[in-house]
Amino acid sequence: MISRGLMVVLVVFLLVKGFGLVRDHGKFLIKVFDVGQGDAILIRTPQNQLVVIDGGPDYEVDRYMDKEFLLNGCKIDLIILTHPHQDHVKGLNRLLNRCSVDVIIFNPVEYESREYARWFENVEGIKVILAEAGDVVMVGRTRFVVVWPVEIGKDKDNINNSSVSVLLDYGDFEGLFLGDLEKEASVKIDLDLLAEYVDGRLEVYKVPHHGSKDSHNMNLISFLKPKMCIVSVGEDNKFKHPDEQALEDMENFGCKVRRTDREGTIEVLINRR
């Protein structure tokens, strides 16, 4: 039998935890989780659907996601794996082991690793979409437009350039998520496809490949004129990311640069429109 004191503690916990969910309900929310040198992004739509893009290099994303649910249940509407490097896939394997997932999007590029092998095991029985540029996936009234790859399963010689890249479009809000796509690939993105959906300036640009020099595409930035540039990057990482020149270029172009190594988890909360 649960004691009266324990029951009170449990009720208070649920009220406190549930307050955040109620507060965010009906709003558009993006969380770029602080997972060190990796990517893990949560999108909560105004209809309270959940989309996860990548899962980071460890199981930290599981702790973050636990805060999104009142109890220990976990229901995700869409998971997007950009590419199979460990700093993107490992945390997703953890989520797939304990969460109910409706749809998976990924690019089945050839790559050998223990975590990627586990990924194929974990997605069995789940609806999988192998999306190519131009495809549109709807999650409620939120549109995810695939802008890369142009051909499934290619770029195995440079796994970063196999990154599934999506434009999020909801009303007059747009955000671009490029995974670790490098410049040699991002210069091939169809700008007319982007222009079809972007209303004026892009609201959020998730800077690809942790702000590395090889991913910096100033032509794309000048075309989209993003208002906010978010860098998911580990503090004092051995790769020296992000590149100082890339940061300076984005700031000089009027983009507010935000970094997980400086701020921790970054939240973008937009009133429903």
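Me: Is R143 buried, partly exposed or exposed?

Reply: R143 counts as partly exposed, because its relative accessibility is 28%. Please note that this is a predicted model.

Me: Which residue does R143 pair with in a salt bridge?

Reply: The partner is D169, and the side chains of the two meet with 2.5 Å from N to O.

Me: What does E110 pair with?

Reply: E110 forms a salt bridge with K156, at 3.5 Å from N to O. E110 is in the loop between β5 and α4, whereas K156 is in the loop between β8 (142-148) and β9 (165-170), so this pair ties together parts 46 residues apart in sequence. E110 is exposed, with a relative accessible area of 55%, and K156 counts as partly exposed at 46%.

Me: What about R63, which residue does it meet?

Reply: R63 meets E60 in a salt bridge, with 2.3 Å from N to O. Both belong to helix α2, where they are three residues apart and thus separated by about one helical turn. An α-helix has 3.6 residues a turn, so residues three or four places apart point the same way. R63 is partly exposed, with a relative accessible area of 42%, and E60 also counts as partly exposed, at 26%.

Me: Changing topic: how many disulfides does a search of the whole structure find?

Reply: The search finds two. One of them joins C74 and C99, whose sulfur atoms are 1.9 Å apart. C74 lies in the loop between α2 (60-66) and β4 (75-80), and C99 lies in the loop between α3 (86-98) and β5 (100-105), so the pair ties together parts 25 residues apart in sequence.

Me: Are C74 and C99 buried or exposed?

Reply: C74 counts as buried at 8% relative accessibility, and C99 counts as buried at 10%. The link of C74 and C99 is right-handed, with 85° about the S-S bond.

Me: And which residue is joined to C229?

Reply: A disulfide joins C229 to C255, with 2.0 Å from S to S. This pair links distant parts of the chain, 26 residues apart: C229 is in strand β12 (residues 228-231), and C255 is in the loop between α8 (244-252) and β13 (256-259). Both cysteines are buried. The link of C229 and C255 is right-handed, with 120° about the S-S bond.

Me: What is the pairing in sequence order?

Reply: With the bonded cysteines numbered along the sequence, the pairing is 1-2, 3-4.

Me: Back to α3: how many residues does it have?

Reply: Helix α3 has 13 residues and reaches 19 Å from its first C-alpha to its last, close to the expected 18 Å. Its buried residues are D87, H88, V89, G91, L92, N93, L95 and L96.

Me: What covers the buried residues of α3?

Reply: The cover includes β3 (50-55), α2, β4, β5 and α4 (114-122).

Me: One more residue: where is E203 found?

Reply: E203 is in the loop between α6 (191-197) and β11 (204-206). E203 is buried, with a relative accessible area of 13%.

Me: What does the side chain of E203 reach?

Reply: The side chain reaches the backbone nitrogen of E174 at 3.0 Å. Leaving aside its neighbours within four places in sequence, E203 is in contact with D172, F173, E174, K227 and M228.

Me: Finally, what does the secondary structure of the whole protein come to?

Reply: The protein has nine helices and 14 strands. Buried residues make up 55% of its 273 residues. Among contacts between residues at least 6 apart in sequence, 67% join residues at least 24 apart. The protein exposes about 12600 Å², and carbon and sulfur atoms supply 50% of that area.

Key:
Residues are numbered from 1 along each chain as its sequence is written. This is a predicted model: local features need pLDDT of at least 70, side-chain atom pairs count only at pLDDT 80 or more; totals for chains, interfaces and linings use all residues. Side-chain values use heavy atoms; hydrogens and water are left out. Helices (H or I, at least four residues) and strands (E, at least two) are DSSP runs, numbered from the N terminus. Buried means under 20% relative accessible area, exposed over 50%, partly exposed in between (1.4 Å probe, protein chains only). Contact means heavy atoms within 4.5 Å. Accessible areas come from the Shrake-Rupley method with a 1.4 Å probe; for residues, only the protein chains shown count as cover. A polar contact is a pair of N or O atoms within 3.5 Å; within protein, one must be able to donate a hydrogen and the other to accept it, and residues adjacent in sequence count only if both atoms are side-chain atoms. A disulfide is a pair of cysteine sulfur atoms within 2.5 Å. The expected span of a helix is 1.5 Å times one less than its number of residues. A salt bridge is a side-chain nitrogen of Lys or Arg within 4 Å of a carboxyl oxygen of Asp or Glu.
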